[in-house]
Amino acid sequence: MEVYKTWVRRNKEYVHSLESLANGLTWLLPERFSTSEIGPEAVTTVLGIITAINEHIIDTAPTNRRQTSSVDPSSFPYSLCLSALKDLETLVEVVAEQYYGDKKWNFIAITEAAKVLVRLALFQNSGFKMLLHGGETPNVEEHTDCSSSQHRVGGFQKHGGHNGPGWLQNNHSNSPWNLEGRALSALSRFGEHARMGSDTPWMRKIQQQHAIMEPPAPKLERPTLSNILSEKGLNGALFVTGEILFIMRPLIYVLFIRKYGIRSWTPWFLSLAVDFIGMGFLLRAKQAGKDGKEQLLHLSAAENDELRRRKLLWALYLMREPFFSKYTRQKLESTESQLEPIPLIGTLAAKIMELIIGAQTRYTYMSGS
């Protein structure tokens, strides 16, 4: 296994290209979106899980001897688990539909409940940080300015506490070991440039002493829910509530489909309402932080991109029943009929229409979860 990990990390660009090609070809498999598509979906699921495993291997690669990757290899692989559940859910839906018909929603509800539990655990374990891509991408913010007396925990800023390694390097007057540590560091750098062959014993001794004298990076304290609610008040409550609504929305949608049916407007409107309310809470918390004397809720660039991504996911409501059957499909069929007489373009449009209609029949392709 270690040999495979090393190979993936050394050839990650090649691995990504190969995975993209393989996943793209699965859309051209025969009997895709047919009544007996268990085989093609099984192939797609296996490829998806392999891709998730490779991404996890790359993400957990240590960058150097003293700095590990953004994902702690010893922690529970939440992102890998969520990616595997998401790929497996499509196969579960196909198998359940073929053998149980409309009762497939029971199995889909079970898989959605499993994803909710994993995401809630990740949300709490990460210090209540915003989930990126539903938790499939680790939310790790790079800190470039460590001179401030504030540090960020979760999605919030907290005064005081421990400062980053940059503070330890730039403030020498309060550390009794600092002069000796700087001297050892200078000797280490000089020896690194002067070394032409293998390490000498005195050089290894200096490096060992330098490693001992260098303090470990302080660990940031993860806030608890009670801390967020007590310290951040309304802003913290809005942020946590909005994120929980985003996590719960797919399960709520499936449960109401199970009760009212896929052709009912009730699940469609309720799911859209949960999305709007959750996004409204997140945006209100962000704006409330900016209006005050200090920005209580700080969103990184990745988290702002995540908010934009979630808004784009609302376009999937155009592809969900019953809106698709009543409005979207008519527009697509009208466009196809207009392009049909054009050579090559008409054939391509027909194939695209076939793939769109086939994908629309699958909940997992249009769920946005």
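## Salt bridges, helix packing and a nonpolar patch

Arginine 308 and aspartate 305 both sit in helix H12 (residues 301-312), three residues apart, about one turn of the helix. Their side chains meet in a salt bridge at 2.2 Å, N to O. A salt bridge here is a side-chain nitrogen of Lys or Arg within 4 Å of a carboxyl oxygen of Asp or Glu. Helices are DSSP runs of H or I with at least four residues, strands are runs of E with at least two, and both are numbered from the N terminus.

The model is predicted: local features need pLDDT of at least 70, side-chain atom pairs count only at pLDDT 80 or more, and totals for chains, interfaces and linings use all residues. Residues are numbered from 1 along each chain as its sequence is written, and side-chain values use heavy atoms, with hydrogens and water left out.

### Salt bridges

Side chains of opposite charge can pair when their charged atoms come close. The whole structure holds 15 salt bridges. Helix H12 also contains arginine 309 and glutamate 306, three residues apart, about one turn of the helix. Glutamate 97 pairs with lysine 104. Glu93, Glu97, Lys104 and Arg362 are linked in a network of salt bridges.

| Salt bridge | Closest N and O atoms |
|---|---|
| Arginine 309 and glutamate 306 | 3.0 Å |
| Glutamate 97 and lysine 104 | 3.7 Å |

How exposed are the partners? Buried means under 20% relative accessible area, exposed means over 50%, and partly exposed lies in between (1.4 Å probe, protein chains only). Arginine 308 is partly exposed because its relative accessible area is 47%. Aspartate 305 is partly exposed at 42%. Arginine 309 is partly exposed at 22%, whereas glutamate 306 is buried at 2%. Glutamate 97 is partly exposed at 31%, whereas lysine 104 is buried at 7%.

### Helix packing

Two packed helices are described by the angle between their axes and the distance between the axes. Axes are lines fitted to C-alpha atoms, for helices over the stretch in contact, and angles run from 0 to 180 degrees between N-to-C directions. The axes of helix H5 (residues 104-125) and H10 come within 8 Å and cross at roughly 170 degrees. H5 is therefore roughly antiparallel to H10, a class for angles over 145 degrees. Contact means heavy atoms within 4.5 Å. Residues making it include Trp105, Ile108 and Phe123 of H5, and Phe239, Ile247 and Leu255 of H10.

H1 and H2 pack at an angle of about 85 degrees, their axes 5 Å apart. H1 is thus roughly perpendicular to H2, a class that spans 65 to 115 degrees. Trp7, Val8, Arg9 and Arg10 in H1 meet Lys12, Tyr14 and Val15 in H2.

Leucine 234 is found in helix H10 (residues 234-260). Leucine 234 is exposed because its relative accessibility is 59%.

### Surface and whole chain

Met1, Tyr4, Trp7, Tyr14, Leu18, Val46 and Ile50 make a nonpolar surface patch of about 730 Å². Such a patch joins nonpolar side chains (Val, Leu, Ile, Met, Phe, Trp, Tyr) within 5 Å, from residues with over 30% relative accessible area and no salt bridge. Helices H1 (2-10), H2 (12-25) and H3 (38-59) each supply at least two of its residues. Isoleucine 50 lies in H3 and is partly exposed at 38% relative accessibility.

The chain has 15 helices and two strands. Of its 369 residues, 36% count as buried. The chain exposes about 21,600 Å², and carbon and sulfur atoms supply 61% of that area. Accessible areas come from the Shrake-Rupley method with a 1.4 Å probe.

Key. Patch = residues over 30% accessible without salt bridge, like charges linked within 9 Å, V, L, I, M, F, W, Y side chains within 5 Å. Parallel < 35°, antiparallel > 145°, perpendicular 65-115°, else oblique.
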